[in-house]
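Subject: Structure for your files, with notes

Hello,

Here is the structure I said I would pass on. Please have it open while you read the notes below it.

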Amino acid sequence: MVPTISDVSTVEEWRSVARDIVQQTGQVNWRATIVDWPGLGYSDRPKIDYNADVMEKFLVDFINAPDGPINSSENDLVVFGGGHAATITVRAAKKGLVKPKAIAAVAPTWAGPLPIVFGRDSGMETRYGLLRGTLRAPAVGWMMYNMLVSNEKAIESQYKSHVYANPENVTPGIIESRYALTKKEGARYAPAAFLTGLLDPVQSREEFLELFAAMEGKTPVLVVSSKGSPKRSKAEMEALRGTKGVNKFVEVPGALLPQEEYPNLVAEELYRFLQENFESEA
């Protein structure tokens, strides 16, 4: 299970779903591994040039590591990814770098917060570069990061406006835990890349659809769309409905983090997908 990439991305968003699935008693006993992205969550945050290739290489190395936690002689790996994580997983699978037996894309996205709103023309890309450089700079970078990301009001506003569908589900505990993540040493480097589009695995909807189409006949794919996602993100999820390479498309309540806001409903859909694809083989 791989978290949705965001400035406050964390393994915490998958814990309830993981617990629900591993407690099911079916023909197959499932084990769950949740991993944070480098530079985010509880991972180390070195000052490196984060981009989509770095994130993809991390995922590939983690999955394929001979001494890693998910190494298995049987090909029984299923990857659940939220947001960009889902798209990065599909991208790696298209290249043949990972060979999961199935993939579930929960509220899948491909464009960072600024590119999805302001686009990617050369003028905007120049501005994104300037903003990214400022956020990474000593002193002034911390000041800007504290203003844009690392303050409780900004995080609360973000969660209530588009991360969660129901503002009443945003508790003080969630805000405090996310705020604490923004105070870790090196916390601003990966978010600077995410905000400005450097972690985007593709550059267009056409490329997004092509990635999923490449799974046709190779890897079963479930897309879990969320009813309350922001308009632009929702349009990208809807583009996957009935498209080539998507075996099943379902909708659940929620916005950009349905797996955390409505874990029972998401776990139900994910477990049904596992049953449909694996229980009959057991």
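This is a predicted model: local features need pLDDT of at least 70, side-chain atom pairs count only at pLDDT 80 or more; totals for chains, interfaces and linings use all residues.

Helix α7

Helix α7 covers residues 152–163. Its twelve residues place the end C-alpha atoms only 15 Å apart, short of the 16 Å that a straight helix would reach at 1.5 Å a residue. Which of its residues are buried? They are Ile155, Gln158, Tyr159 and Val163. These four sit on the same side of α7, because they cover an arc of only 95 degrees around the axis. The background is that an α-helix has 3.6 residues a turn, so residues three or four places apart point the same way. Lys153 and Ser161, on the other side of α7, are exposed. The buried residues of α7 pack against α8 (172–181) and α12.

Glutamate 261

Helix α12 spans residues 258–261, and glutamate 261 is found in it. Glutamate 261 is buried yet has no salt bridge. How far away is the nearest side chain of opposite charge? That side chain belongs to arginine 178, and it is 11 Å away. What glutamate 261 does have is a polar contact, side chain to side chain, with asparagine 169 at 2.9 Å. Leaving aside neighbours within four places in sequence, the residues in contact with glutamate 261 include Val163, Tyr164, Ala165 and Asn166, as well as Gly254 and Ala255. Val163 is also one of the buried residues of α7.

Helix α13

Helix α13 (residues 263–278) has 16 residues and reaches 22 Å from its first C-alpha to its last, close to the 22 Å expected at 1.5 Å a residue. Its buried residues are Pro263, Val266, Ala267, Glu269, Leu270, Tyr271, Phe273, Leu274 and Phe278. They pack against the helices α1 (15–22) and α12, and against β1 (78–82), β2 (102–106), β3 (221–226) and β4 (248–252).

Valine 266, in α13, is buried, with a relative accessible area of 0%. Apart from neighbours within four places in sequence, valine 266 is in contact with Val17, Val252, Pro258 and Gln259. If you want a distance for orientation, the C-alpha atoms of valine 266 and alanine 52 are separated by 26 Å, and the two residues are 214 residues apart along the chain.

Salt bridges

How many salt bridges does the structure hold? There are 18. In general, side chains of opposite charge can pair when their charged atoms come close.

Glutamate 12 forms a salt bridge with arginine 15, with the closest N and O atoms 3.1 Å apart. Glutamate 12 is partly exposed, at a relative accessible area of 29%, and arginine 15 also counts as partly exposed, at 35%.

Glutamate 56 and arginine 91 meet through their side chains in a salt bridge of 2.7 Å, N to O. Glutamate 56 lies in helix α2 (residues 52–64) and arginine 91 in helix α3 (residues 84–94), so this pair ties together parts that are 35 residues apart in sequence. Glutamate 56 and arginine 91 are buried. They are also members of a network of salt bridges that links Asp53, Glu56, Arg91 and Lys95.

Glutamate 251 forms a salt bridge with lysine 234, and the closest N and O atoms are 2.4 Å apart. Since glutamate 251 lies in strand β4 and lysine 234 in helix α11 (residues 231–238), the pair ties together parts that are 17 residues apart in sequence. Glutamate 251 is partly exposed, at 31% relative accessible area, whereas lysine 234 is buried, at 14%.

Backbone angles

Most residues other than glycine have a negative phi.

Alanine 107 has a positive phi of about 45 degrees although it is not a glycine. Alanine 107 lies in the loop between β2 and α4 (113–118). Is alanine 107 buried or exposed? It is buried, with a relative accessible area of 0%.

Alanine 139 has a positive phi of about 60 degrees, again without being a glycine. The loop that holds alanine 139 runs between α5 (122–136) and α6 (140–148). Alanine 139 counts as exposed, at 56% relative accessibility.

Regards

Methods:
Residues are numbered from 1 along each chain as its sequence is written. Side-chain values use heavy atoms; hydrogens and water are left out. Helices (H or I, at least four residues) and strands (E, at least two) are DSSP runs, numbered from the N terminus. Buried means under 20% relative accessible area, exposed over 50%, partly exposed in between (1.4 Å probe, protein chains only). Lys and Arg count as positive and Asp and Glu as negative; His and the chain ends are not counted. A salt bridge is a side-chain nitrogen of Lys or Arg within 4 Å of a carboxyl oxygen of Asp or Glu. A polar contact is a pair of N or O atoms within 3.5 Å; within protein, one must be able to donate a hydrogen and the other to accept it, and residues adjacent in sequence count only if both atoms are side-chain atoms. Contact means heavy atoms within 4.5 Å. The expected span of a helix is 1.5 Å times one less than its number of residues. The arc is that of the directions from the helix axis to the C-beta atoms.
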